[in-house]
Amino acid sequence: MKLFRFLAALCLSLPMGVFAQGFPSQTVKIVVPYAPGGGVDVLARTLADRLQKKWGKPVIVDNKAGASTIIGASAVAKAPADGHTLLLTSEATITSNPFLSQSLPYDPVRGLAPISRLVSLPQMVIANPSVSANTMDELVALAKSKPNGLSYASYGSGSLPHLLFEGLRHRSHIDLNHVPYKGISPAVLAVLSGEVDLTLAGVPGAQMHIATGKLKPIAVGRAERLPSLPNVPTLKEAGYADIDPHESWFGLFATGGTPPAIVQKIYADVAAITADPAFRETQVTARGFDPVFSTPDDFAKFIQADMAQKERLIRISGAKAE
């Protein structure tokens, strides 16, 4: 017993950095809760390749798609808390799912440890050119003049377009018809064809159609205006920050309870990779993402604010897991 107490006291007296020495000691797995081939999957594989070279240990990507990212997130939350199983996922896993499902099999706060927010995908309110409104205020005025005359596309209950337009409907006391599709690409195609009037979509997917006049930009969900579209105001500038569901973002997590020293080591090594201008240009901005690399502490604070906004908008929308 005395020996046990001595060893325990010795461990407590060691600098935290000692626990990170020798990490990683085995293969590191980055779980991506999406199918292979998408933007987040490509980012994960590029990051895995760079980390493997830095660590001298295999770093693999494990795609566990399904159930709105719940399958992949649950696997990481239940893994040993030693940093060898990581999760690269979107905001849906962390700040939306907890308020959409009453029986979530993982705790996004205690079950997952934030390492770094990596990239964001700014969202833009877009309309078919036949819609006469050019601003958010004009959109509200048009909806009031045509009860149930405007429709918006989403990619399901609780998706970012659903939260934005239900927030707009609630705030402005207007009627809008919700038309859900199986993904953002079909939703954008529906606006292009005039099948529906509006949606909220990622900037990269919308810009090429804006350039050809096939889509009309109304507002962008971003802290600052887009340099490529300087005349399009942000939702905040337009006076609608309270219903902005924020940009889609992707971040890296460890299993909850992973020693802080290991979290910090992973963060430091990821930060060294993401600080490379070539990495940012070829793997981030060239793919339409904004680089938003952050420390674990800053990421945790960001998550708290995003959760508060999502909880409020999901409550207003009445969204439930599908």
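A pocket is found on a 1 Å grid over the protein atoms alone: it is an open set of points where a 1.4 Å probe fits, with protein on both sides within 12 Å along at least five of seven lines, and its lining residues have an atom within 4 Å of a point. The second largest pocket is lined by Gly221, Arg222, Ala223, Lys236, Ala241, Asp244, His246, Glu247, Phe302, Ala305 and Asp306.

This is a predicted model, in which local features need pLDDT of at least 70, side-chain atom pairs need pLDDT 80 or more, and totals for chains, interfaces and linings use all residues. Residues are numbered from 1 along each chain as its sequence is written, and side-chain values use heavy atoms, without hydrogens and water.

A volume is the space filled by probe spheres set on the grid points, which are joined across faces, edges and corners. Nonpolar means Ala, Val, Leu, Ile, Met, Phe, Trp, Tyr, Cys and Pro; charged means Asp, Glu, Lys and Arg; the others, Gly among them, are polar.

| Pocket | Volume | Lining by class |
|---|---|---|
| Largest pocket | about 1,400 Å³ | 24 nonpolar, 20 polar, 5 charged residues |
| Second largest pocket | about 200 Å³ | 4 nonpolar, 2 polar, 5 charged residues |

The largest pocket has 49 lining residues. Tyr34, Ser90, Tyr155, Gly183 and Ile184 lie nearest its centre. In the second largest pocket, helix α11 (residues 296-317) gives the most to the lining, with 3 residues.

**Helices α3 and α4**

Buried means under 20% relative accessible area, with a 1.4 Å probe and protein chains only. In helix α3 (residues 70-77), Ile70, Gly72, Ala73, Ser74 and Val76 are buried. They pack against β1 (28-32), β3 (85-90), α4, β4 (112-121) and β10.

Why does Ser74 count as buried? Its relative accessible area is 8%. Contact means heavy atoms within 4.5 Å. Leaving aside neighbours within four places in sequence, Ser74 is in contact with Pro105 and Tyr106.

Helix α4 is mostly covered, with 7 of its 10 residues buried. These are Glu91, Thr93, Ile94, Thr95, Ser96, Asn97 and Leu100. Their cover includes α3, β3, β4, α6 (160-172), β10 and α11.

Technical notes: Helices (H or I, at least four residues) and strands (E, at least two) are DSSP runs, numbered from the N terminus. Buried means under 20% relative accessible area, exposed over 50%, partly exposed in between (1.4 Å probe, protein chains only).
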